[in-house]
Amino acid sequence: MPRYRVGYLPLFLLLTALLLVLSLVDLIVGPYTISMGDILSYLLRGPDVSKATTVVIGMRLRRVLTAIAAGGLLGTSGYVVQANLRNPLASPFTLGIQHAAALGAGVGILVLGGGGVVGPRSATSATILIANPFTVSILAFGASMLHTALVLTLAYVTGLTIYSIILVALALSFTVQAVLALLQYLVFNEIQVATLMFWTFGSVERTSWLEVEVLLVAYVVMAVATWVVAPDLDLMLLGDDIASSSGVNPRVFRAVSMSTAALATALTISFVGVVGFVCLVSGHIARLVFGWSARRSGLASGLVGGLTMLAADVISRTVISPVTLPIGITTTIVGVPVLIALVLGGGRGYTRD
Amino acid sequence: MVILEISGVCFRYGSVEALNDVSFSIDAGEVVSVIGPNGSGKTTLLKVIDGIVKPVRGAVYVDGRSLGRYSRRSLAKIVGYVPQRLNIQPLTLYDFVLSGRRPHYVLTPTARDREKVVEALKSVDLLDKADRKLTELSGGELQRAVIARALASEPKVLLLDEPTANLDLRYQVEVLETIRKLTKSRGITAVMALHDLSQAMRYSDKVIVLHRGKVYALGAPEEVINEKVIEAVYGVRATVLRDLKAIVVL
Ligand SMILES: Nc1ncnc2c1ncn2[C@@H]1O[C@H](COP(=O)(O)OP(=O)(O)OP(=O)(O)O)[C@@H](O)[C@H]1O
Ligand SMILES: [Mg+2]
């Protein structure tokens, strides 16, 4: 019996192993050196408050888990949206939710006085603080969900086709961007502008343990759900008529899966800021390595997303240490070369047809 | 035994009237050809039968039940559809045909699903290309792949939209023979939109001529396909060579 001559299990194991190795690297590197022994004793014997390393490991573990879960959520939702819109350039960001999230965060920073600059104001020495990060996250999340609901409702009225979704999303995101620009122009002071900018750049270090747990649970749920609906994603890729004739209502499926992906993305960017590139690129890398069947590349896109975020975090913290670069910038540094290499080397899926 | 009944079906795309009061019925095991000029409503008719679009008026009954009383999924198990066009993606041929089994399994394909995929691929001579990507198949191979995908779901009614387009002579004959064999051996009913009137004449038990969204003529191929109908519907003068079952355009 055929098929699958390439072993996919080894590839999955390799990805997971890479994830573990990068996690270790991310735990070890940094201004404060941590040894393998410290990590082992932390993991095996539990946090020992009398040790200085415990605090550092705890902090770094939080960012490692945040990177894995956030990258996983972004990668998986990007994949789901690409299959739904049958467009390799699409992602939840096509819906414009990042602009809505920024608007929500902006309002949070403004109304709740959520921002402030500590220390002398220069790019490398000042520490910008988001005074009330949880409220800002919740407002960002609320705004992006509201935006998604609006986009999908308007698109529903016009038939929930691919084009109606993209056009409506485009129109609404420009509106949101205009409102945010207006706010910044008329109302924000320089500190508030800087704080919002800082929020937008993205960071995996502002999550609390509670938020890390929320992200991890969301990632597991999203991964399982994607695995379950993978055959339907394949059908959607082939066209609405095919999906319909194979028993899937394309409009319902599109509405539900797009909202889920948007929810996952909104949750993630509310906690870690706008890290758009992972969303766009993970699905492509996963498909180029694992093939187009959603059963395999759907799950892989989450792992690839996590890997990209972890690698980006390592780079963020080492390039001009002790300053940490925003992860929104470094993910691009990691992702672009990988994508270009794959497209030049093996990207036949896109260049053909 | 009537397996398919269409009664008074009307359908419009905005202001375009694609089907106008179409009625007919089809017996189980029949091969039916739907012929008619471009834009006469053949594709639309097949989509209505498969529940992909809903008629504005009239009803479709499959196996005695109106379409409204089927869930999309239970209908998908009974009716297979070979579309005129689809978005090809770099899925492997195997995964593509497996996607045709989707209505039959809940979480993951079973051994039986995989068996049916292999069987379907064999019946169109493509088993050796199972690991190829769809984007790496020729036009005719792709056409056969789409047919295999529909066969894999073991439908009672098979709807085929121009199944011989893109095929070379040998596969045109082979695909039509396969369809005929399936109808005889498994009692499958086939409804196909065709452009080749000679093929319609040779391979069908019944022919439906659509003209501007209406049924212009309906019946046994030798009765329906004649010089008068061809001239009226296509505006072309032709001769029907009855003993050869061939149509020659003059
Ligand atoms: N999505 C659509 N929107 C608007 N009009 C449509 C649409 N699809 C088809 N039509 C119109 O409906 C009519 C019937 O189209 P249909 O595709 O059923 O014709 P057909 O008989 O299959 O033609 P062909 O032989 O070219 O495949 C045509 O006038 C066509 O222009
Ligand atoms: Mg057609």
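Predicted model: local features only at pLDDT ≥ 70, side-chain atom pairs only at ≥ 80, totals over all residues.

Q: Let's begin with chain A: how many helices and strands does it have?
A: Chain A has 14 helices and 2 strands, and of its 353 residues, 52% count as buried.

Q: And what share of its contacts comes from residues 24 or more positions apart?
A: If you take the contacts in chain A with a separation of 6 or more, residues 24 or more positions apart account for 75% of them.

Q: Can we look at two helices together? At what angle do H1 and H12 of chain A pack?
A: Helix H1 (residues 8–28) of chain A and helix H12 (residues 294–318) of chain A pack at an angle of about 20 degrees, and their axes are 10 Å apart.

Q: Why would they be called roughly parallel?
A: Angles under 35 degrees count as roughly parallel, and the angle here is about 20 degrees, so H1(A) and H12(A) are roughly parallel to each other. Their crossing is left-handed.

Q: Which residues make that contact?
A: On the H1(A) side they include Phe12(A), Leu15(A), Leu19(A) and Leu22(A), while on the H12(A) side Leu299(A), Leu303(A), Leu307(A) and Arg317(A) are among them. By class, the contact of H1(A) with H12(A) has 15 nonpolar, 3 polar and 4 charged residues.

Q: Still in chain A, is Thr54(A) buried or exposed?
A: Thr54(A), which has its place in helix H3 (residues 52–85) of chain A, is buried, with a relative accessible area of 11%.

Q: What is Thr54(A) in contact with, leaving aside neighbours within four places in sequence?
A: With those neighbours left aside, Thr54(A) is in contact with Tyr42(A), Pro47(A), Asp48(A) and Val49(A). As for Ile39(A), it is 15 residues from Thr54(A) in sequence, and the two are 8.7 Å apart in space, C-alpha to C-alpha.

Q: Switching to chain B, what coordinates the magnesium ion?
A: The magnesium ion (ligand 2) is coordinated by Thr43(B) through OG1 and by Gln84(B) through OE1, at 1.9 to 2.3 Å. The pair links distant parts of the chain, 41 residues apart: Thr43(B) is in helix H1 (residues 42–49) of chain B, and Gln84(B) is in the loop between strand E6 (79–82) and helix H3 (93–99) of chain B.

Q: How accessible are those two, then?
A: Thr43(B) is partly exposed, with a relative accessible area of 22%, and Gln84(B) is also partly exposed, with a value of 39%.

Q: What about phi: what is its value at Asp63(B)?
A: Phi of Asp63(B) is near 55 degrees, a positive value in a residue other than glycine, whereas most residues other than glycine have a negative phi. Asp63(B) is found in the loop between strand E4 (57–62) and strand E5 (65–66) of chain B, and it is partly exposed at 30% relative accessible area.

Q: And what is phi at Asn166(B)?
A: Asn166(B) is not a glycine, yet its phi is positive, at about 75 degrees. Asn166(B) lies in the loop between strand E7 (157–161) and helix H6 (169–186) of chain B, and it is exposed, with a relative accessible area of 58%.

Q: Last one: where is His211(B), and what does it touch?
A: His211(B) is in strand E9 (residues 206–211) of chain B and counts as buried at 16% relative accessibility. Leaving aside its neighbours within four places in sequence, His211(B) is in contact with Pro37(B), Ser40(B), Tyr216(B), Ala232(B) and Val233(B).

Terms used: Residues numbered from 1 in each chain as written. Chains lettered and ligands numbered in written order. Heavy atoms only, no water. Axes fitted to C-alpha atoms, helices over the stretch in contact; angles between N-to-C directions. Helix = DSSP H or I, 4+ residues; strand = E, 2+ residues; numbered from the N terminus. Parallel < 35°, antiparallel > 145°, perpendicular 65-115°, else oblique. Left-handed = near helix turned anticlockwise from the far one by under 90°. Contact = heavy atoms within 4.5 Å. Nonpolar A, V, L, I, M, F, W, Y, C, P; charged D, E, K, R; others polar. Donors = N, O, S within 2.8 Å, 3.2 Å for Na, K, Ca; no water. Buried < 20%, exposed > 50% of the residue type's maximum accessible area, 1.4 Å probe, protein only.
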